[in-house]
Structures are given as C-alpha cells and as structure tokens.
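Let's take a walk through this fold, one piece at a time. Have the viewer open and follow along.

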Amino acid sequence: MSLDQAALAFREEALELLEEVEETLLSLENHPEDPGPMSKLFRAMHTMKGSGAMFGFNEIARFTHEVETALDMVRNGRLPFSQDLASLILVSRDHILRLLGETGSNPRLRGESDKLILKLSEITGQTVGEAAAPYSETGPGIDTDSPAEADAPICTWWIRYRPHPDSFLSGTDPLCLVAELTEMGPHRVIAHDAAVPDLISLAPEHAMVWWDILLISGANEADIRGIFLFVEDEHEIQVTRLATSVLCQQDLDMSVRRLASSDWDDAEKLKQEVAGPLAAALPRRTLPSPSPVEVEKTEPAVTATTIRVESARLDRLVDFVGEMVIIQSRLQQTALTRDDSLIRTIAEELDRVVSKMRDETLRIRMLPIGGMFGTLRRLVRDLARNLGKQAEFIAEGGDTELDKNVIDRLKDPLVHILRNCVDHGLESPEARLAAGKPAQGTVRLQASHVSGEVHIEINDDGGGINLERVRAKAEEKGLLAPGEPADDRRILDCLFAPGFSTASKISNVSGRGVGLDVVKVSIEELRGQVSLESTPGAGTRILMRLPLTLAIIDGMQVRVGFERYIIPLAVVRACQERHCQDEAVPVDTISWQGQMTPCLSLRALLGVTGERPRYERIVIVRSEGVDMGLAVDAVIGQQQAVIKRLSEVYRNVDFISGTAVNGDGSIVLILDVSRLTRHAMVHYGNSGVFKRRSQIHHYPEIAGGLSKA
C-alpha cells in the first residue's frame, strides 16, 4: 500500500471515528453515569492518535493525545464529567476534523491546538505536557505508565519486528510502530543494530535495525497485529504469547538477556529456550489451579466483512446497470416480434438476472439514515444553548435506508427544518413552565419505509404556528388578498414561499427569509414531497416523502396520442376506463369508490392532438393526500425506467421530472404527479373545479417537441 493510499484510508477511518465521537458524547450527556460510552470515546481518540502518528499526521497525534489524557482521567474517576468538558471535547472534535483537511503543517491550526490544549489543562488541573508523553521511554525496568485494562486477561507477549529496508521510502516510520506498541502496556524493548554499518557505508534511507519487544498487556494477538495492519505484507512480524500471566522480574531479565544475544533466524530455537522453561515453571508457581471454566478459549479468526469503495465507482456501476436495463428492454421487445422460443427464453432469463442485478446494485448505494443523526443532535444541542432554550433531540428509525445521493442532498433541508423547530417552534423554559409544559422541549425525527417511499417526520412540542401572523405576512407580500377565504392548509403553504419569514428581527439563525422555501425546492429536486401541519399550543409536524433512489424507478407506461409517458408506480392505486362522449377538457370528475373524484385529461392538459379514442383509461393516483384520476388513451404496462435528466432548455417545464429511453430507442417522459396534482388543486380546488377551467395552462411544446429532443 502506498503512502497516499494509507493516508486516504486513515482519513476515512478518522471521519468514521469522529462521527462516533460526536454521537457517543451527546449520548453520554444524557447518561453520564454509564461507563461504556466514556470507554468508547477513549478508544476512538486512542485509535486516531496511533494511526495519525503512523501515517505522518503528527499534529493530530499530538493534539488527540491531550484529549485522550482528559478522557482517561474521567474514565479512571480522577476527573468528573461536566457540560464544560463535553462542550470542549466537541470543539476539539471539530478541530480534528479541520486538521484532517490539511496536507502539511499549518501554524494557524497548530496555534488553535495549543489554545484548546490549554483549556483542557484548565479543566483537568494539569499543566501542559504533564500527561505522559505519547511515546514511552524504554529503560532497564518495566514501564508502568500504561497499565493494562483491569477487566482483560493479562498476558506476556513476545513481538519480533523487522521492518522492510525501504520502509522510509514508502513513508513508514518503524519507530512509530514500536512506540505505538509500547503504549499497550508495560514493556521491555531490545534493539538489534548489528546490521548497521559504519558511518561511511551507512545508507540513511534504509532501515537496518530490528526489535524484540516483551509486552505485558490485556490485548489479544489481533490487537497487537492491528498496529502493523498496513505494513504486514512488506514487514516481518512474529507474535508469540510467552505466558498467560505477568512474568516476574527474574523471568523478564532472563528473557531479555537471551533475546539480546540472539539473531533473527533464531526465532524457532528461542521459542523452545524461552517459552519452554516458562511454560514448565509457571504452573508450579501458581497457587490456585484453574478450573475447567477458566481454561482459555481459542478466539475465532477475525475476518473483514466490509470494504470501502469510492462513491464515484458506485455511481458508474449504477450507470452501467441502467444501460444494461435499457439493452435488456430492447432484447425483450425484439423477442416478442420473433417467432423463436429460444430467443424468448433467453430474454426472460436475462430479464430475471438483470432485475436481480439492478436491485443488488441499488442496495449497495443504500445507507442507513442514522449516520447523520449525530450531526443533527449536535445541531439541536448547540442551537438550543445559544438561544437559551432546553431541547432534547430524539431520533428513531436510524436503520431506515436511503440512496447515498439522497442522503447527501437531504442534510441541508433537515438542518433548515431543525433550526426552525428550535428557533420558532420551541418556547423558552419560562414560557413552557407557564403553559404547564416541562422546561425541556422535544424535537423528534422519525424515519420509516412506507409503500416504496421513505417518510421522514419531524415533530416538536412547541407552541405551534400562529396562523393569524402568517396570514398577515402573506397579505403583506401579496400571497393572499385581504379577506380572501383560505383554510389552514393554504395559509401554511405560504411558509414555503421564497423570502417568507415571520421573524421580527434578523439574527444569525432566522429573519432573512431563507428556510422552508429551500426545503421545498430541495425535496422536490429529489422527486419528493413535503407537507406541514400545526396545532396551536401543541407543536408542528413536517412530513417529507422521498423516493428510495434517484437512479431507477418502477413506472407504469401510458400512451396519449402518439406520445408515451411514465407514471411512477409508487403513486398508482388502480386503473379503470370510461366511455368518451364530449370533447376532452383539462379537468372533470369521475366516480371512484362512491365519491366524485377530480380527473385530469393529459390529452387536453398537454395539448396532444389527434383523434380521441372511444374509451379512455383512467389511472387513479394518490398525491398530496388526494386521490385523482389521470385520463390517458391506453395503459401499456409496467416498466423499469432509468431516469435521465431533462435538458436545461426544459428545466422550467412543469409536470415533467425526467426522461427515460424505451427499448426501441424512443424517448419517454416521466410525469411529476405531485406537481400535476398541486397545479390542479390550486386552480380547481373544492367547489371551483369547473368554474375556472380557463385558468389552466397548456403545454403544447411538451407534446411531440420534447420527445424528439
């Protein structure tokens, strides 16, 4: 592995550890008496320190050592856990994140490190540099600065390590690996320098020294070998357990003398000369004999179950699978036109394989949404403290999976919503107590799979939205006419208008009119929907409905005239037909489940010319919480659609979310049912369905023109 690859691997591991640190620390604030999270924090910082030193991130190693020291004091009961310490460690976590982005020495960041180290020393009561140095000094006796874990079995290990002669050329410092090893517990280090030539013949870039290390630690063999994880292919490492207990001083001195006078090739002989006598002598010195229950069990081999892959490679893989789906569709259509059973059989088998490949490929890009919960919890915590409020963030459904691209683009909308919940939704502790509520408010995020979609619901138990204030602001901005009748839903929809804000003053949190409009635009770009509900005095509820993936959808292909369209299958509820009598109108009604339901004619709405069939097919869809019919000439059937973006020329065309390629190479348009439904509800809501037909907009440029683009 090259130095660049190793550094990249370290960065990826460090990012995961920093997310774990943030989430664990926020959890620890709610349960400070639990020792588990503190040990988890300590191990994360210890891992970053050791790996950082190994791969040349010296400033990260230096800084995390001081953070690790503070955590170790808390873990051992020498320092109480406090809110000030938690906040400082969170700031330290952010600082480490900035250090990861630096490729060289940065005096400014080093100065920030020193300031944070000074603040840590004020809390811990230690002077800067009082804590043990990151690398232990080796002396004639055992170094006891790094005691082993009390709850782990203590063993005496013999590690023989010879680095590759070209270690320095590949960016590896063998001494750092030895130093990292000695931090695992009391140790003796024997350096073998017989191969080092005189000064005239010395090649400084070559590693000539090798080491024997006696280590007393509760670590197992996998932990010890983990230090050499990135160099084990080129370097020579031998790990031998000499005893399942701590050796006495006499045994250690004997072992050191024997190892100091040995050569590298004496390893097998030494195992007999050193380990053999110890194995025979130790049982006689042990007073209690071990019971059968205490006999050591052989640990199963640890194997990696995951690999890291660049997201760009996954994107390319999905693109190739999409092309394969199109080719398979072409083969399927060709097979239907041929009177050849063999070709049809092959096409059907390929269809099954491609469908499975498509599903598995999309699953590779699926990530649990819980990965961003730590950042959101931190956001609510910090914002509430800045505003003088008390807020608890509760996240549920963290194992709900979404496409990685959806998750990446979902972070900004969630940040805007949570800022609104804390700033506008939750009251001050005094106001909540006066209203009979607990002083601490609650912001709850729930994620779940519902009917092929992912629903993300955000609730707060604040004071709700003041509809009169929103209406007054809407009339001021011309969104509503004075005295115009409007129900609660329409008033709440005004909050999604660009530049809309009810804040009385501008702050660093709100007042600039940038918020829910950004949420709406971002969610619609993801082919999702967002709705808002509020109950005065009880709180606000925001629901986002999102597709599982942005790459491939299951759709129902329909035909209007000579043009074909795809309706996302997730919104389709049923199909029926009706006899055509009069000329097609943009909106009329049909009978569905005993009720008169609005029906949109795609022929009239999109300006499709040609003769109207005697019977129309009605596709019943549900969107925006409303059932609607879409009148089409024919229903062709279900189709897997590989979504292609619209050209910039057509980016403002309503109702169309993208395009797909048919098996015969023709272009088919994907309808955005939510926008289509919203347009109809605005112009034909309730009793005004037939009175305002003239206001509907026609899009003749879609029919024929776009499909030929």
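**A strand with two partners**

Six bridges tie strand 2 (residues 187-192) to strand 3, and the two run antiparallel. Strands here are DSSP runs (E, at least two residues), helices are DSSP runs too (H or I, at least four), and both are numbered from the N terminus; two strands count as paired if DSSP finds at least two bridges between them. Before going on, note that this is a predicted model, where local features need pLDDT of at least 70, side-chain atom pairs count only at pLDDT 80 or more, and totals for chains, interfaces and linings use all residues. Residues are numbered from 1 along each chain as its sequence is written, and side-chain values use heavy atoms, with hydrogens and water left out.

Strand 1 (residues 155-162) also pairs with strand 3, antiparallel over seven bridges. Find I213 in strand 3: V189 stands opposite I213, and I159 stands opposite I213 as well.

How many residues of strand 3 (residues 210-217) are buried? Eight of the eight are, so strand 3 is largely enclosed by the rest of the structure. Buried means under 20% relative accessible area, exposed means over 50%, and partly exposed is in between (1.4 Å probe, protein chains only). In a regular strand the side chains alternate between the two faces of the sheet. Here W210, D212, L214 and I216 point one way, W211, I213, L215 and S217 point the other way, and all are buried.

Now for some helices. Helix 6 (residues 174-182) is mostly covered, with eight of its nine residues buried; among them are C176, E180 and T182. In helix 15 (residues 467-476), the buried residues are V470, R471 and A474. They sit on the same side of helix 15 because they cover an arc of only 100° around the axis, the arc being that of the directions from the helix axis to the C-beta atoms. On the other side of helix 15, E468 and E476 are exposed.

Next, look at helix 12 (residues 373-386) and helix 13 (residues 404-425), which pack at an angle of about 30° with axes 10 Å apart. Axes are lines fitted to C-alpha atoms, for helices over the stretch in contact, and angles run from 0 to 180 degrees between N-to-C directions. L376, L379, V380, L383 and A384 in helix 12 meet L414, V415, L418, R419 and V422 in helix 13, where contact means heavy atoms within 4.5 Å.

Finally, an open sheet of five strands has mixed pairing and the order 14-17-18-16-15. Its edge strands are strand 14 (572-579) and strand 15 (587-592), each pairing on one side only.
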